[in-house]
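Please keep the sequence and the model in view while reading.

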Amino acid sequence: CECRAACYSGKSETAATLNLNTPPYLFFFPVDSSGASNSGGDSSKESSRCSTPVLDAYRSDRLRDKMRRRMESGDRWFSLEFFPPRTASGAVNLISRFDRMGSGGPLFIDITWHPAGDPGSDKETSSMMIASTAVNYCGLESILHLTCCNQSKEKITGYLAKAKHLGLKNIMALRGDPIGEDWEEEEDGFNYAIDLVKHIRSEFDDYFDICVAGYPTGHPEAESYEADLRHLKEKVDAGADFVITQLFFRPDTFLKFLDDCRAIGITCPILPGIFPIQGYQSLRQLVKLSKLEVPEEITQVIEPIKDNDAAIRNYGIQQAVEMCRVLLDSGKVPGVHFYTLNREVATMEVLRQLGLWIEDPRRPLPWAVSAHPKRKVEDVRPIFWASRPKSYIYRTQDWDDFPNGRWGNSSSPAFGELNDYYLFYLKSKSSKDALLQMWGEELQNEESVFEVFTCYITAQPNRCGHKVMCLPWNDEPLAPETNLLKDELEKVNRRGVLTINSQPNINGKPSTDPIVGWGPPGGYVFQKAYLEFFTSSENVTALLKVLKKYEPRVNYHIVNVNGRNLTNAPEMQPNAVTWGIFAGREIVQPTVVDPVSFMYWKDEAFALWIEQWGKLYEDESPSRMIIKYIHDNYFLVNLVDNDFPLENCLWQVIDDMFELLDAPPELHSEETV
């Protein structure tokens, strides 16, 4: 039933051949213009969390198999339902909510289907795009609802083919609610969910896992409760893999329904649909649309407090907790499914009280994984997109194969262009007003920009009292790992070394380390120190002189917006900067510094100055011109310290650069970049 949602590039140039009178060299590559956060351990609970554990890539990742493993091991789970928002800003907010609620470890989420909202389109508010984004960019196992309402067989087949192409593997097959008062038959369409289930199996064989709806008190249009049970069995026999029920208010209602289903031979998982009461009006509307009756013991409590939203929400949390405990303690219910109404506070609190909300600090890989089936074996990425994983996934979405085991010597990775900065899953979560408060309503000079970066690193308020919680290159607060470098980062940013990516050197930390750990338990992880930043041409001139004495220990790559490219990378080979050693496995090296990919990243990194920062200001305004000057004149630099067992030398490199800059002029060479 859909009613609940209604409530709701040529040669590189080395420093040795640098010539001031030579125009910038361009770096040419053939480009095809068409272009998570959990453990990867072996227990069923770890291997079935929502984000795909890439190190177990060849284990079945079908949702029904994840459920089976969890039931066999006795591990309980939860899942979450959301509906598509009506506005573009709502879509941005919902994707942020996916990231937050995904951190608690749902087994899956599902996205409802609204015929009136163009649900199968490419609009950012469509059911299809929201579900696709959850899978591809948030790494969440997702179920897409699909209804028969007002749709021909041909149109439904098209939607299913599109869903498959987008990486969606699960469908909830529903008749759907009539658009008017009564159901109207669609010519060459389907009138019952069982017809849709049969069609999916006929046209797509076993590709999709199929979920169907169950009604603990019987469907309101069914001839009888017993008849509705028979219809449910017919849907399961036709090919449905599991059932999610409509909401209910008493645990005994579901347990009786479950027993009755088992009695007539329905053996698949049946998940109870839980609705934490969050407001008086939303409850009334939901009850009206679902044709359910609220038990008297509930109405007696909420009527006197109907104007007190906080009181009703607190009651709803406790009522849901008590009901879930009865269900879970029965030994018959392996997981619970929550109708969130796109809200998070109440559902998260219920899950915490039940002990089901588990924020595992370990990660299957050092970067956020995608749940798209074709990316299942992906386990290597360039480090440059560490803070923009959704952008990396977008730019590589048309790849047929993904690196597995090692990055290789790819001279043509064919990254897609990133011109669609407006795409809702790439937008900043912050509004324009909030960004101006953080980054400055009016910039005075380059030092104003230095201050923004410094405030972001230190998490201290800017001169106007606003905390800088994001930058164009990172829409999140500083990561715990980066906090290990906080003092040094603050010092260099104050002097115009504007850092956008960094990692400390790590020599054999346990894979379970809460800050730098990743992969299955019992392993050890390693990192080379890495630093990436924008800085002025004057600084780069000094830096190049300093770097000569650090070769070959330090590899560098320096480039400006026009593609002038300075590097000492040997034969343009990739450099592994993160790797892990795990029992019974080959060494995994999930993060590399790849000189070829860096040239693609530099286009994006420079463009963000203008697209996300400069365009906050009026054309030709002083603030806009300051950002443009940095964009046009600064260099993007990355440094790797290859001697990871030793103390990180990159800070000394920067100190030596500043020391040279501060030295008397007669010690400076006239050569500049």
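Does E604 count as buried or exposed? At 1% relative accessibility, E604 counts as buried. Here buried means under 20% relative accessible area, exposed means over 50%, and partly exposed lies in between, with a 1.4 Å probe and protein chains only.

This is a predicted model, in which local features need pLDDT of at least 70 and side-chain atom pairs count only at pLDDT 80 or more, while totals for chains, interfaces and linings use all residues. Residues are numbered from 1 along each chain as its sequence is written, and side-chain values use heavy atoms, with hydrogens and water left out.

## Salt bridges

A salt bridge is a side-chain nitrogen of Lys or Arg within 4 Å of a carboxyl oxygen of Asp or Glu. By this rule the model has 43 salt bridges. Three of them are tabulated here.

| Pair | Closest N and O atoms |
|---|---|
| K390 and D99 | 3.0 Å |
| R388 and E604 | 2.8 Å |
| K602 and D603 | 2.7 Å |

The partner of E604 is R388. R388 lies in the loop between β9 (381–382) and α13, and E604 lies in helix α19, so this pair ties together parts that are 216 residues apart in sequence. Helices (H or I, at least four residues) and strands (E, at least two) are DSSP runs, numbered from the N terminus. R388 is buried too, with a relative accessible area of 9%.

K390 pairs with D99. K390 is buried, at 16% relative accessible area. D99 is partly exposed, at 33%.

K602 and D603 form a further salt bridge. K602 is buried, with a relative accessible area of 5%. D603 is partly exposed, at 41%. Elsewhere, shared partners join R62, R64, R201, D206, D209 and D241 into one network of salt bridges.

## Helix α8

Helix α8 (residues 251–263) has 13 residues. From first C-alpha to last, α8 reaches 18 Å, close to the 18 Å expected at 1.5 Å a residue. The expected span is 1.5 Å times one less than the number of residues.

Which residues of α8 are buried? They are P251, F254, L255, F257, L258 and C261. They cover an arc of only 160 degrees around the axis, which puts them on the same side of α8. The arc is that of the directions from the helix axis to the C-beta atoms. On the other side of α8, D252 and A263 are exposed.

The cover over the buried residues of α8 includes β5 (209–214), α7 (225–237), β6 (242–247), β7 (270–274) and α11 (309–329). Just after α8, G265 takes a positive phi of about 95 degrees.

F254 belongs to helix α8 and is buried at 0% relative accessibility. Leaving aside residues up to four places away in sequence, F254 touches T245, F248, I270, L271, P272, L327 and V333. Contact means heavy atoms within 4.5 Å.

## Nonpolar cores

A nonpolar core is a set of buried Ala, Val, Leu, Ile, Met, Phe, Trp, Tyr and Cys residues joined through side-chain atoms within 4.5 Å. The largest has 83 residues, and those with the most contacts inside it are F98, F254, I274, V336 and F338. Helix α11 gives the most to this core, with 7 residues. A second, separate core of 81 residues includes Y392, A529, L531 and V559.

I274 touches residues including F248, A320, M323, C324 and L327, not counting residues up to four places away in sequence.

## Helix α20

Helix α20 (residues 622–633) has 12 residues and reaches 16 Å, close to the 16 Å expected. S623, R624, I626, I627, I630 and H631 are buried in α20. Seen down the axis, the buried residues of α20 fall within an arc of 160 degrees, so they line one face of the helix. These buried residues pack against α15 (446–458) and α19 (595–613).

## Cysteines

How many disulfides does the structure hold? The structure holds 0 disulfides, a disulfide being a pair of cysteine sulfur atoms within 2.5 Å. For C211, the nearest cysteine sulfur is that of C268, 8.6 Å away. C211 is buried, at 0% relative accessibility. C138 is also buried, at 10% relative accessible area.
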